[in-house]
Amino acid sequence: MSKYTEDDLKKELETKEYEYGFYTDIKSDTLPIGLNEEIVKAISKKKGEPSWMTEWRLDAFKIWKKMEEPEWANVKYKKPDFQKISYYSAPSNKPKYNSLDEVDPELLATFKKLGISIDEQKKLAGVAMDVVIDSVSVATTFKDTLNKKGIIFCSISEAIKNHPDLIKKYIGSVVPKKDNFYAALNSAVFSDGSFCYIPKGVKCPMELSTYFRINEAGTGQFERTLVIADKGSYVSYLEGCSAPSRDENQLHAAVVELIALDDAEIKYSTVQNWYPGDSKGKGGVFNFVTKRGLCEKNAKISWTQVETGSAVTWKYPSCILKGDNSVGEFHSIAVTNNFQQADTGTKMIHLGDNTRSTIISKGISAGKSQNSYRGLVHISARANNARNFSQCDSLLIGNKCGAHTFPYIETKNKSAQVEHEATTSKIGEDQIFYCNQRGIDTEKAIALIINGFSKDVLNKLPMEFAVEAQKLLEISLEGSVG
Amino acid sequence: MLKINNLHAKVEDKEILKGIDLEIKAGEIHAIMGPNGSGKSTLASVIAGKEDYEITKGEMLFKNNSIDELSAEERAHKGIFMSFQYPIEIPGVTITNFIKTAINETRKARGEKEMPANQMLKLLREKCSMLEIDRKFLSRSINDGFSGGEKKRNEIFQMAMLEPTLSILDETDSGLDIDALKVVASGVNKLKTKTNATVVITHYQRLLDYIIPDYVHVLFDGKIVKSGNKNLAIELEKKGYDWIKEEINN
């Protein structure tokens, strides 16, 4: 009889090392640890920012000092000591390159290990990349092609210098400085990130893609992303992350703001694979992200995320459906294994008439992990004929993990239609035996079942990302299945 | 092809099979009948290699080699197929994807290359028309929301695609109306060759009106207590299982 049981599989999963756990030795220019006004000013100065930006940061810092770290999420962790973190780290060798030859070879080797060599990416049809290592953009490609269409795709630091009007108008307009503890912190100390502007009526001809990566031990990463789709434009934006294996916990508190003006559409896809900690729950990234989009009239924003990493995830990509007939979508797969904890979901705020939102959330828990869906559907009093459909499915592997669902529904308008469906299932021995009997071994069977479970969301990802996401799901859960 | 000698098996310390002897040759159809709880489904599961069961005595030889230590998938790779009494649902996985994975995993285990897509497509079409299955059926998730008849038909379709040497049909007639029963039975008959063999496990004689067995065995309390030809099934239908019980007790 077969010797490979579910218990063996579980053991294999626990002992499986983080695939991308390596550390790149690049000289970094790091600020002293701790956080005070001087540090905030120093960050702004290092980045050569205009004084209005420095003031903006200082204001955020003042707000942050008065706030307290939230405790309502279904996660348990040792709170980071914000005075023991260095808030700025950039590769100190040349920060900007005209060609790949000038890039630190170690950095290139890192990309190769990640399987995202820029070289290859450049050749791959239609993917432009703004690569962020720690905090400063080191390579931006495809700029010329985008320039011709009037599309701006650059680091947020560049945008602050070159497009101050857009930045002044939109930064903090969707996620205000005082929105929450981490958003305030990010506003004060954000290091870098991406900026994207699509002009009126322009359909962005390629998927815009950014790879983030935490690299310096003990450095928090505070990314700031701002995407503006002007009237009638379209853009698909991909964000992927992978962090090297570190012992101490790393803090990641990003802010992403999307603005879809009238008749515009933004597709924002994320594959998140930060270091989740080892099989005993040691180490791993704390991921506290604020992502929110604003839809004007007839606009559409869809968030798609595949979350496999981080020790602690706190993340709710949301849509404010301000304009009439606007549409918000949220498609999510969250995988937790070992001691990972994820509290993730979305908020759909219906303000306009005939606004529609769809939420598809798939949680997969294994090991001793805890996976929570937390969602809010809010229909305001003046939003007539608003509709929402939510579906939250949980899949459990083994019997030591947990799946939780916290759906909040607030309806203040009688014409609203809100539907919520939820299921919880377990990968059953019967399912596995059924596959075995057809000649499919247990590992492959689990991959098949997981992919079937996640299909609705995987289908929403752009092709090149869907393959990577599928691979990540298998790596996170099935040991050697490739 | 399959030779079972004095097979004893237990589940959680409860002995269910208490000395089964059975020989099945290529080209034969065997029916195994018996009342509820006599061990019919257990026998099917033990042959297929379900892990819940432990063989305590005896052995199973398939093509002269012991299969007792093989995993369920290894037995499948050797050509053993079981049609489930209660086929399992796998949401989101289409029949096409499932069967493609099953065929290619089997080929891989046998050291063969994956089946080329065009060949796979041709085979799917061929078997669909043979079993009178609408090809739209193939895009549905495995057994998800299927009727009883659809589930069983899907089992026979997979059997047709995998072309096993030995097929064990566990209570294939349960939950089927007479029309569905005829369709399934005709599928089984079409798949019959001189080189494969079929074991039909059933409560009732009615399935055997459509799948004519060469041998009928009666299983009672973990043992085969009577064997005969198809007339034995008819006799059982008439007299019920009590008749056998009495015969044993006397």
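Colleague: Where in chain B is the place of N64(B)?

Modeller: Bear in mind that this is a predicted model. Phi of N64(B) is near 70 degrees, a positive value in a residue other than glycine. N64(B) also counts as exposed, with 7 other C-beta atoms within 10 Å. As for its place, N64(B) is in the loop between strand 4 (54-62) and strand 5 (65-66) of chain B.

Colleague: And E132(B), is that one buried or exposed?

Modeller: E132(B) is in the loop between helix 4 (117-130) and strand 8 (141-142) of chain B. Phi of E132(B) is near 55 degrees, again a positive value in a residue other than glycine. E132(B) has 10 others within 10 Å, so it is exposed.

Colleague: Among contacts in chain B between residues at least 6 apart in sequence, how many join residues at least 24 apart?

Modeller: Take the contacts in chain B between residues at least 6 apart in sequence. The share of these that join residues at least 24 apart is 72%.

Colleague: Which helix of chain B gives the most to the side that touches chain A?

Modeller: The contact takes 25 residues from chain B and 18 residues from chain A. On the chain B side, helix 2 (72-77), strand 7 (90-94), helix 3 (95-109) and helix 5 (148-162) each supply at least two residues. By class, that side has 12 nonpolar, eight polar and five charged residues. The most, five residues, comes from helix 3 of chain B.

Colleague: Over to chain A: why do the buried residues of helix 3 line one face of the helix?

Modeller: Helix 3 (residues 51-66) of chain A has 16 residues and reaches 23 Å from first C-alpha to last, close to the 22 Å expected. W56(A), R57(A), A60(A), F61(A) and W64(A) are its buried residues, while S51(A), W52(A), E55(A) and K66(A) on the other side are exposed. Seen down the axis, the buried residues of helix 3 line one face because they fall within an arc of 140 degrees.

Colleague: What covers those buried residues of helix 3 of chain A?

Modeller: The buried residues in question include W56(A) and F61(A). What covers the buried residues of helix 3 includes two other helices of chain A, namely helix 2 (37-46) and helix 9 (181-189).

Colleague: Is G172(A) buried or exposed?

Modeller: G172(A) sits in the loop between helix 8 (164-170) and helix 9 of chain A. Leaving aside neighbours within four places in sequence, G172(A) is in contact with K177(A) and S187(A). Its C-alpha is separated by 9.4 Å from that of A183(A), 11 residues apart along the chain. With 20 C-beta neighbours inside 10 Å, G172(A) counts as buried.

Key: Residues numbered from 1 in each chain as written. Chains lettered and ligands numbered in written order. Predicted model: local features only at pLDDT ≥ 70, side-chain atom pairs only at ≥ 80, totals over all residues. Helix = DSSP H or I, 4+ residues; strand = E, 2+ residues; numbered from the N terminus. Expected span 1.5 Å × (residues − 1). Buried ≥ 20, exposed ≤ 12 C-beta atoms within 10 Å, placed from the backbone. Arc of directions from axis to C-beta. Contact = placed C-beta atoms within 7 Å. Nonpolar A, V, L, I, M, F, W, Y, C, P; charged D, E, K, R; others polar.
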